[in-house]
Amino acid sequence: MPFTPNRYFKQHPLLLESAAGMYYTTSDGRQILDGIAGLWCCNAGHCHPRIVEAVREQVGRLDFAMSFNMGHRGVFSLANELIALVPDNLANVFFTNSGSEAVDTALKIALAYHRARGEPQRFRFIGRERGYHGVGFGGISVGGIVTNRKAFASAMLPGVDHLPHTHDPRRNAFSRGQPVYGAEFADALEGLVALHDASTIAAVIVEPVACSTGVLVPPKAYLDRLRAICDRHGILLIFDEVITAFGRTGAAFAAQTFGVRPDLITVAKGLTSGVIPMGAVLVDGRIYEACMSGAEQGIEFFHGYTYSGHPVATAAARAALAVYRDEGLFERAAALAPVFADAVHSLKGAPHVIDIRNTGLIAGIELEPRAGAATARTMDVFRHCFDNGVLVRTTGDTLALTPALTIEPAQIGQIVDALGKALRAVA
Ligand SMILES: Cc1ncc(COP(=O)(O)O)c(C=O)c1O
């Protein structure tokens, strides 16, 4: 099982049977309020009837369409609908099946772009400590979570380096929204440029909000500074928005929330509201044009997946985007964000809590690790909450909340109550 202690699971299986709106039903018939939108993905809530119907209709009409040398109308419409939501430099889309594939695709596009422009020596990628970019070899190379890297170190991409992470609890603990301190963490990029020379660096990749490592919200002006340094040195900036896109931060993309324009954005998860696997890379128009004009005749970009732009995933994504628009869910997330912030920050002072971080409908509640047993306390809280009808996520010693954008204030209260009880109950 993925990212699961298999032996523990076999002794203590947790099985879900069905879902609707904000709730799961377990195989033993219990209702569980979902505080994490499945796995940071079901932004429109579970089994949204419009998305379910779109999938049902599509699978009976065009089950599959090869995307090599041909296509289907839906996927071009979806590309246009996505482009209409993003900062206006992003003009092209490449479809994948997951966030990991989107990341590997974005890294390849960055290499292809520099090669097309006559700078093939730009081969290095700069990631960030504590970053999570999925589990492909590209993603784990630029990622910065040691447990995901150490066993595979021999097969990592060459030449990758990392920025420092931005977690600075000494100065920023219990920040509401963007922490005040830490823009200068971006300056480490100048140090890496001095070490490697800009002419060898293809791209920097960061999550605007680093979620899987425990919710690290970017310090004020940090992302702007990364952008400025990349611009100074001709380095592409990739935002991995697999979690943060589609309303999670209160706008379509975190790039808009934080007012910084990346050259590429990776998405997945909320693209279909989690209903069918699909990812995508949104690409600056000048990158696309360079790749088209720099290539020899024939195929310009030797990359693609059997299921790129799959018709059923496309139908799910188009329906999800329509639901986000028609139900005003990005605006709803923005309006709920202060209610959510008040609720999660009310846990300050609860046993074991050493920091609380939030932006939009994302929150991290960091606990003091139990001596000699890191992550054990958050797992106990997770289980206590589940037994009391609430699903939360653990990322190391941080509890993460990322509910669907459809959550009601009373449900936010229920999640925070369950967490408070669990924190008082666990050792
Ligand atoms: C920022 C980020 N990038 C990439 C991924 C990988 O996505 P997937 O699990 O769909 O491959 C994730 C998954 O959580 C993620 O959070």
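## Helix 3 and helix 13

Helix 3 and helix 13 run roughly antiparallel to each other. This is a predicted model. The two helices, residues 49-59 for helix 3 and residues 311-326 for helix 13, pack at an angle of about 155°. Angles over 145 degrees count as roughly antiparallel, so the label roughly antiparallel applies to helix 3 and helix 13. Their axes are 8 Å apart, and the crossing of helix 3 and helix 13 is right-handed.

On the helix 3 side, the contact is made by Arg-50, Ile-51, Ala-54, Val-55, Gln-58 and Val-59. These residues meet Pro-311, Val-312, Ala-315, Ala-316, Arg-318, Ala-319, Ala-320, Ala-322 and Val-323 in helix 13. Sorted by class, the contact of helix 3 with helix 13 holds 12 nonpolar residues, one polar residue and two charged residues.

## Helix 14 and helix 16

A second pair is formed by helix 14 (residues 329-345) and helix 16 (residues 409-425), whose axes come within 10 Å and cross at roughly 20°. Angles under 35 degrees count as roughly parallel, and helix 14 and helix 16 are therefore roughly parallel to each other. The crossing of helix 14 and helix 16 is right-handed.

Helix 14 contributes Val-339, Phe-340, Ala-343 and Val-344 to this contact, while helix 16 contributes Pro-409, Ile-412, Gly-413 and Val-416. The contact of helix 14 with helix 16 has seven nonpolar residues and one polar residue, with no charged residues.

## Ligand surroundings

The ligand is surrounded by 14 residues. The closest of these are Ser-98, Gly-99, Ser-100, Gly-134 and Val-242. Helix 5, which spans residues 99-116, supplies the largest share of the shell around the ligand, namely three residues.

By class, the shell around the ligand consists of six nonpolar, six polar and two charged residues.

## Overall fold and dimensions

The protein has 16 helices and 15 strands. Along the principal axes, its C-alpha atoms fill a box of roughly 65 × 55 × 40 Å.

The protein has 427 residues, and a compact globule of that length would have a radius of gyration near 22 Å. The radius of gyration of the protein is 21 Å, which agrees with the value for a compact globule.

Conventions. Residues numbered from 1 in each chain as written. Predicted model: local features only at pLDDT ≥ 70, side-chain atom pairs only at ≥ 80, totals over all residues. Near = placed C-beta within 6 Å. Helix = DSSP H or I, 4+ residues; strand = E, 2+ residues; numbered from the N terminus. Nonpolar A, V, L, I, M, F, W, Y, C, P; charged D, E, K, R; others polar. Axes fitted to C-alpha atoms, helices over the stretch in contact; angles between N-to-C directions. Parallel < 35°, antiparallel > 145°, perpendicular 65-115°, else oblique. Left-handed = near helix turned anticlockwise from the far one by under 90°. Contact = placed C-beta atoms within 7 Å. Rg over C-alpha atoms; globule rule 2.2 N^0.38 Å.
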